[in-house]
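Student: Hi! Could you walk me through this one before I set anything up?
Tutor: Happy to, let's bring it up on screen.

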Amino acid sequence: MARPTPELIEALRRTARKLKNGAPYQWGHMGGCNCGNLAQELTRLTKDQIHAYAMERYGDWNEQVADYCPTSRMPMDMLISEMLHAGLSLEDLKNLEKLSDRRVLARFPLEKRFLKHNLRDDVVAYLNEWAVLLEEELLGRIRLPELQAVSEKPEPVY
């Protein structure tokens with residue numbers, strides 16, 4: 001699962017918000033699909049730039065991730081590296097493209113767990129729930145120092 005950071009959580013929420021508000025979405029387009037839309041937020045590349053990078057090699061996101069090489073200097077590998085640096089894992093990218101992370105899906109009511117990977121509304125719901133999950137994990141890691149109660153009656157000084 002992704003490393004929860006405020007930046008990644010906000011990128012997930014921005015992606016969901018943009019998709020909900022009508023941002024271009026096309027599951028078969030490497031820059032306009034589930035991963036492509038999140039990549040736009042994390043890398044500031046356009047959907048067309050992402051698609052062009054992907055076309056320098058073969059395959060969809062799952063194949064690109066499976067063939068990922070951090071030292072290849074291929075544009076798509078550099079893009080994936082940037083997404084990993086933002087806190088994602090290779091498995092997160094595979095799961096996002098298919099909306100298949102079990103921890104995210106388990107948070108939905110049983111009757112709503114069967115998301116369709118290529119439906120905009122399902123992608124929006126998945127991204128938002130994933131953001132909530134990561135936010136809960138991030139908040140759960142914060143430990144505040146214990147404060148000692150101040151007695152109401154000061155101890156006498158002799």
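**Loops, core and helix packing**

Tutor: Let's begin with Arg73, which lies in the loop between H4 and H5; helices here are DSSP runs of H or I with at least four residues, numbered from the N terminus. This is a predicted model, where local features need pLDDT of at least 70, side-chain atom pairs count only at pLDDT 80 or more, and totals for chains, interfaces and linings use all residues. Residues are numbered from 1 along each chain as its sequence is written, and side-chain values use heavy atoms, with hydrogens and water left out.

Student: Thanks! Is Arg73 buried or exposed?
Tutor: Arg73 counts as exposed because its relative accessibility is 65%. The cut-offs are under 20% relative accessible area for buried, over 50% for exposed, and partly exposed in between, with a 1.4 Å probe and protein chains only.

Student: And what is the phi of Arg73?
Tutor: Near 65°, which is a positive value in a residue other than glycine. Most residues other than glycine have a negative phi.

Student: Which loop holds Arg44, and what is its phi?
Tutor: Arg44 sits in the loop between H2 and H3, and the phi of Arg44 is near 65°, again positive in a residue other than glycine. With 59% relative accessibility, Arg44 counts as exposed.

Student: What about Thr46, where is that?
Tutor: Thr46 is in the loop between helix H2 (34-43) and helix H3 (47-55). Thr46 counts as partly exposed because its relative accessibility is 41%. The C-alpha atoms of Thr46 and Gly31 are separated by 7.3 Å, with the two residues 15 apart along the chain.

Student: Switching to the inside: which residues of the largest nonpolar core touch the most other members?
Tutor: Trp61, Leu79, Ile80, Met83, Leu88 and Trp130, out of 41 residues in that core. A nonpolar core is a set of buried Ala, Val, Leu, Ile, Met, Phe, Trp, Tyr and Cys residues joined through side-chain atoms within 4.5 Å.

Student: Which helices supply it?
Tutor: At least two residues each come from helix H1 (6-20), H2, H3, helix H4 (61-66), helix H5 (75-85), helix H6 (90-98), helix H7 (102-105) and helix H8 (120-140). H8 gives the most, with eight residues.

Student: What is Trp130 in contact with?
Tutor: Leaving aside neighbours within four places in sequence, Trp130 is in contact with Met1, Ala2, Leu12, Leu88, Asp92, Leu96 and Val104. Contact means heavy atoms within 4.5 Å.

Student: And Glu129, buried or exposed?
Tutor: Glu129, in helix H8, counts as buried because its relative accessibility is 19%. Beyond neighbours within four places in sequence, Glu129 is in contact with Val104, Arg107 and Phe108.

Student: Nice. Which residues of H5 are buried?
Tutor: Pro75, Met76, Asp77, Leu79, Ile80, Met83 and Leu84 are buried in H5. Their cover includes H2, H3, H4 and H6. Just after H5, Gly87 takes a positive phi of about 120°.

Student: Last one: at what angle do H6 and H8 pack?
Tutor: About 145°, with their axes 10 Å apart. Axes are lines fitted to C-alpha atoms, for helices over the stretch in contact, and angles run from 0 to 180 degrees between N-to-C directions.

Student: Which residues meet there?
Tutor: Asp92, Asn95 and Leu96 in H6 meet Tyr126, Leu127 and Trp130 in H8.
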